[in-house]
Amino acid sequence: MTNLGIGLIGYAFMGAAHSQAWRSAPRFFDLPLNPTMNVLCGRNADAVQAAAGKLGWQETETDWRKLLTRDDVQVIDVCTPGDSHAEIAIAALQAGKHVLCEKPLANTVAEAEAMTAAAEAAKANGVRSMVGFTYRRVPAIGLARQLVAEGKLGTIRHVRAQYLQDWIADPEAPLSWRLDKEKAGSGALGDIGAHIIDLTQYITGDTIAEVSGQLETFVKERPVASDHAGLSGTAGTGRGPVTVDDAAVFLAKFASGALGVFEATRFATGRKNAIRIEINGHAGSLAFDFEDMNVLHYYDASEDSRTAGFRRILATEAVHPYVEAWWPPGHLLGYEHGFTHQVVDLVTAIAEGTDPAPSFADGLRVQRVLAAIETSSTSRQWQEIPS
């Protein structure tokens, strides 16, 4: 089998998740190419060397540009903060490397447009690109998309979506790059709001056409972190400003006319990673919560009213998306499996010469929604999403 050399840039929270996926995918799925974990890249030589040993990478680099000249790297996996996505991805595509880039695609619409243009140009030479909206690849979400596509919900009228976390609800939680607008682009809006924007458009097959939103930063200043690990850290002695939003709420109108209500916050005390989506159509409804990620709730409005009600579907059967490669029914999947499924889809697309999804164009569409919400928050007016 032909090897597909992987170069991963970034080794923290997302880097670890992606590393697990590159390790697991060829061991559970029959892939048409064999991904090999050739190079891990990070700025700190000692830290990246330690991470490579722990996560299973063969070699390390401290300059991401060196990955673009290596013959043993065919895929660049970008797991850095958003401020470097555009520079790395565009350079990699122009060097003929396939690119997987974490979400949101960029920090600005202009960057996302440039990345999408580079992806389109590279595609003419057989170079593929994909943005990492991994929650699409939860089997229950895949089932939800199938049911909508089959017309089980009929005409969609309402979309409700929340992404609720509490990881900075403590006002003394330290600053991280995710709270710095220059590095992250935005706060809860872009980091977690982007997911529910993508998920609702993916499940419904519809696009958001207009938005009206409000952003809020509840804690304006925090301790500067002395060190960080994942989403947590240790507070130092100094303090610094929070330059992104803590929470975002917005209304949306879809191109079909369906109405949407969205909320993304890092201040929902007690909620750790609750992605809640409910979709109502004239013929039925769907409901999902990532904190019970193997379950999809489905209501069929055609059933006898005496016994009608939401049914609980445990999406762990072999007929459900991706599940056949894993465990017997009822043996649950977890957070990491979405990243593995992402690798499966990307590797398959590269081998078949097809366009993987979500594309950079899909990421740009989400970026435009994010920008419109931010504009609406200051203008106090509805904003149309450019096509």
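**Ground rules**

I'm working with a predicted model, where local features need pLDDT of at least 70, side-chain atom pairs count only at pLDDT 80 or more, and totals for chains, interfaces and linings use all residues. Residues are numbered from 1 along each chain as its sequence is written, and side-chain values use heavy atoms, with hydrogens and water left out.

**Overall look**

I started with the secondary structure and got 9 helices and 17 strands. Helices (H or I, at least four residues) and strands (E, at least two) are DSSP runs, numbered from the N terminus.

Next I looked up the size. The C-alpha atoms fill a box of roughly 65 × 55 × 40 Å along the principal axes. The radius of gyration is 21 Å, which agrees with the value near 21 Å for a compact globule of 387 residues. That radius is taken over C-alpha atoms, and the globule rule is 2.2 Å times the number of residues to the power 0.38.

Buried residues make up 55% of the 387. Buried means under 20% relative accessible area, exposed means over 50%, and partly exposed is in between (1.4 Å probe, protein chains only). The protein exposes about 16,500 Å², and carbon and sulfur atoms supply 50% of that. The areas come from the Shrake-Rupley method with a 1.4 Å probe; for residues, only the protein chains shown count as cover.

I also checked contacts (heavy atoms within 4.5 Å). Of those with a separation of 6 or more, 70% are between residues 24 or more positions apart.

How many of the 11 residues of H5 are buried? I get 8, so H5 is largely enclosed by the rest of the structure. Among the buried ones are Pro139, Ile141, Leu143 and Leu147. The buried residues pack against H7, strand E14 (284-289), strand E15 (295-300), E16 and H8.

I then took the H7 side by itself. H5 (residues 139-149) and H7 (residues 188-204) pack at about 40°, with axes 7 Å apart. Axes are lines fitted to C-alpha atoms, for helices over the stretch in contact, and angles run from 0 to 180 degrees between N-to-C directions. The two helices are therefore oblique to each other. For the labels: under 35 degrees is roughly parallel, over 145 roughly antiparallel, 65 to 115 roughly perpendicular, and the rest oblique.

From H5, Ile141, Ala144, Arg145 and Val148 meet Leu199, Tyr202, Ile203 and Thr204 of H7. By class I have 6 nonpolar, 1 polar and 1 charged residues there. Ala, Val, Leu, Ile, Met, Phe, Trp, Tyr, Cys and Pro count as nonpolar, Asp, Glu, Lys and Arg as charged, and the others, Gly among them, as polar.

After H5 comes Gly151, with a positive phi near 80°. Leu153 sits in the loop between H5 and strand E7 (156-164). Is Leu153 buried or exposed? Buried, at 1% relative accessible area. Beyond four places in sequence, its contacts include Leu147, Val148, Ile279, His282, Leu286 and Tyr298.

**Thr200**

While on H7 I looked up Thr200, which lies in that helix. Thr200 counts as buried, at 0% relative accessibility. Leaving aside neighbours within four places, Thr200 touches Val159, Ala161, Phe254, Phe262 and Ile277.

**H4 against H9**

H4 (residues 109-123) and H9 (residues 360-379) pack at about 170°, axes 9 Å apart. That makes H4 roughly antiparallel to H9. The contact divides into 8 nonpolar, 2 polar and 2 charged residues. Its members include Val109, Glu113 and Met115 in H4, and Phe360, Leu364 and Arg368 in H9.

Most residues other than glycine have a negative phi, and most peptide bonds are trans. I noted these exceptions.

- The bond from Lys103 to Pro104 is cis, omega near -15°, and Pro104 is in the loop between strand E5 (98-102) and H4.
- Ala357 and Pro358 are joined by a cis bond, omega about 0°; Pro358 lies in the loop between H8 (337-352) and H9.
- Tyr322 has a positive phi of about 75°, in the loop between strand E16 (311-314) and H8, and counts as partly exposed at 23%.
- Arg380 has phi near 60°, in the loop between H9 and strand E17 (383-384), and counts as exposed at 58%.
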